[in-house]
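Hello,

Here is the structure we talked about, with my notes below it. Have a look at it first, and then read on.

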Amino acid sequence: MSTSHIHREAIDNQQAVAEALPHRTVQKPVPSSQRKDPRRYQLDQIKKRFTPALGTLQNGSTSVRFQLKPSDPDFPFELERLECELHVPVGYPAQAPTLLVRNKDIPRGFCVNIERGWDNLVAEKQQDTTLLALITALDKHLEAFLTEQKVETVKLVSFKDTRHTDYATTSLAESSTPASQVVAEIIPTPTPKPYVPEESFTAEQIANAKARRAQEIRQLEARMGRTSLYQKSADGVVYTLPFEPKRRSELPQTLKSIPSVQLIIPLLYPLQALRVLLSDVDSHHAEPIEEEFATRAMKQNHMTLMSQLNYLSQNIHNMAQQIEAAKPPQIVPPSSNADEEVAKRETKTEEISTLDSEIEKGHIHFIPRPPEWSFGHDSENSDSDSDFSYSSEDSEGGAETQPYVSGTAHQVERGTAISFPTIELYTIEILQISILNLSLKCQRCKTTNDITGLRPEMEKATNCVKCGTELTAKFRQEMIHQNSTRGGFIDVTGCTVNDMLPSTFTPTCAKCSTPSQGLVSVRGEAVTNVCRECHGRFTFKIPQVKFLAITPGSVLPATAGPRRRLEKLGLHAGEPLPERGACAHYRKSYRWFRFSCCSKVHPCDKCHDENEDHPQEWAKRMICGWCSREQNYAVEACLFCGRSVIGRKGRGFWEGGKGTRDKTKMSRKDKRKFRRVGGGEARKRD
């Protein structure tokens, strides 16, 4: 085959043509969506890459906020992410985009360097360069921008001149008149306001207030924590809660569209007043109702947060009607019939509310609340002084039905905490352990024991199956919900918690707040049941159980029964044992053994089996046959006198199955010393 027509470069595995011909050059394909609307196409690219927050400015530009993480693995600065705000004008790509750096931990001078670097990249870009390509170039040149000299910046601070409010000024015309003709105007001095000292509280009042606030907030989170509009501020004071008025149709037009309310719970609640803010309502319509609620909440401070919220949802229409009626329509001189008209109007309002409540009693059913959602108070406190209709039949479950003191208060953190880190709750508000079964490990002998039927706040005792040590356990219950996975604390004595056995749990339905019957579950098992009240299905699953020892358990109690007497052998240190410790079974063993099963002394294992009625266990101590001193087990020699306890050392005699296979150390009397290895096999082959 001839190769004369093939170029030399092709034979050398090199490119035959150094540069493509112009008529064979093909441009990179551009998507049709990019050609039609490049601005929208490039914004969609940024959405897929960074998942930013989009907004629209007043001039119509699109604001894109995203975080850019430096991709250089050797990036020299301690910058985790660059917070960028990109403004894309409406006329892009004809108009250039701008970049703002929002990092508060970067000095403003370096931020200006990055923004100027972005402007330079935009000015140098080619026609088909996209926003995503510009952001990639910014990431590539970020180190260079930050190493430039910091731009000097100036911070402008405005000060308000209030001198003109403290001294009287004169006009130019007055300044030209003689001083004798100037009449000094007497400026009335403002009367000082009386000093009102701040209200102070004792340490006991503050502690009680904090405990009650924590308990009621736990109830509020358990009830409202799973709703879509629920939000909690970082300081734990403002809670955004969904709001559903009972009679929305009777509200004024400005209040009918209330989606949620903001409940402001002070840190010293209930010592400080509880407040509420109505969302998406004009201030002049919402402020009267907010002030009325704050006044009533201060008077009725014995009611819980859920009771106050339910009261507002049920009586906001009455509050709006009363506030509207209290407004004076016109300024008229007082007349003697005004009081009578107001009294008639109030009487009519009360009759209408009473009639409505009686009409609706037929189809409204009272759903009892779980007892842990109520706060116990004196029975003398009541809501009878309220100006509005509010009864247990008219409520939805948040009002004070009966005074009750919660049985699952916040427990003191001690003992061993039991928690379920990855518990799964579906349509369940609260889950409680009603009967706990545990596996305990004895501290004395490390034997596993089971203790069952542990109920909250009840102590139960048992004895170890091996050593008889008394073991006690006490369970202190806590509520399990969305914001807490801890089930309670276990106080143990003489043992440690090993594992949880199948136990009984009591779930509370999230739809009707009805506690269910006890359901048995264990680790790795999913339990599904139906509520007896609303017939809704609920499920809970416990994939994992963890125990955390916060404080150690109590000391071991004293062992019961008489102490075991030590065996008196009549031995004296320095004198040999009878027959130097040898027995009929092992004539060359010069020691006695103390067996751990019965703590008795025997010359060997066979002597033990002949004299005792139980199987022998390995002996860990021995008595030397030469000096009668008791010591830990040694293989060959005594630790005190140094003599051999297995006969003459290195003679090859057997003891207890241990001997020597070295023919140089074997005795001449041993027939194995001169036996030829493999002799019998050689004869068989022959």
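Does Ser516 count as buried or exposed? At 10% relative accessibility, Ser516 counts as buried, where buried means under 20% relative accessible area, exposed over 50% and partly exposed in between, with a 1.4 Å probe and protein chains only.

Before going further, a word on the source. This is a predicted model, in which local features need pLDDT of at least 70 and side-chain atom pairs count only at pLDDT 80 or more, while totals for chains, interfaces and linings use all residues. Residues are numbered from 1 along each chain as its sequence is written, and side-chain values use heavy atoms, with hydrogens and water left out.

Back to Ser516, which is found in the loop between strand 17 and strand 18 (519-521). Helices (H or I, at least four residues) and strands (E, at least two) are DSSP runs, numbered from the N terminus. The side chain of Ser516 makes a polar contact with that of Gln517 (2.9 Å). A polar contact is a pair of N or O atoms within 3.5 Å; within protein, one must be able to donate a hydrogen and the other to accept it, and residues adjacent in sequence count only if both atoms are side-chain atoms. Leaving out residues up to four places away in sequence, Ser516 touches Thr506, Pro507, Arg532 and Phe538, a contact being heavy atoms within 4.5 Å.

Now the whole chain. The protein chain has 14 helices and 25 strands, and 36% of its 686 residues count as buried. Among contacts between residues at least 6 apart in sequence, 53% join residues at least 24 apart.

The largest nonpolar core has 33 residues, and Ile418, Phe420, Leu436, Leu438 and Phe540 have the most contacts inside it. Such a core is a set of buried Ala, Val, Leu, Ile, Met, Phe, Trp, Tyr and Cys residues joined through side-chain atoms within 4.5 Å. Elements giving two or more residues to this core include strand 12 (448-454), strand 14 (470-477) and strand 20, while strand 11 gives the most, with 7 residues. Apart from this core lies another, of 30 residues, among them Tyr239, Leu255, Leu305 and Ile316.

Phe420 also brings us to Gln544: their C-alpha atoms are 5.8 Å apart, although 124 residues separate them along the chain. Gln544 is in the loop between strand 20 (537-541) and strand 21 (546-549). Gln544 is partly exposed, with a relative accessible area of 30%. Not counting residues up to four places away in sequence, Gln544 touches Ser419, Phe420, Pro421, Thr422 and Arg523.

The side chain of Glu85 makes a polar contact with the side chain of Arg65 (3.2 Å).

Last, a helix pair. Helix 9 (residues 203-224) and helix 11 (residues 305-326) pack at an angle of about 55 degrees, with their axes 8 Å apart. Axes are lines fitted to C-alpha atoms, for helices over the stretch in contact, and angles run from 0 to 180 degrees between N-to-C directions. The two helices are therefore oblique to each other: angles under 35 degrees count as roughly parallel, over 145 as roughly antiparallel, 65 to 115 as roughly perpendicular and the rest as oblique. Glu216, Ile217, Leu220, Arg223 and Met224 in helix 9 meet Leu305, Met306 and Leu309 in helix 11.

Best wishes
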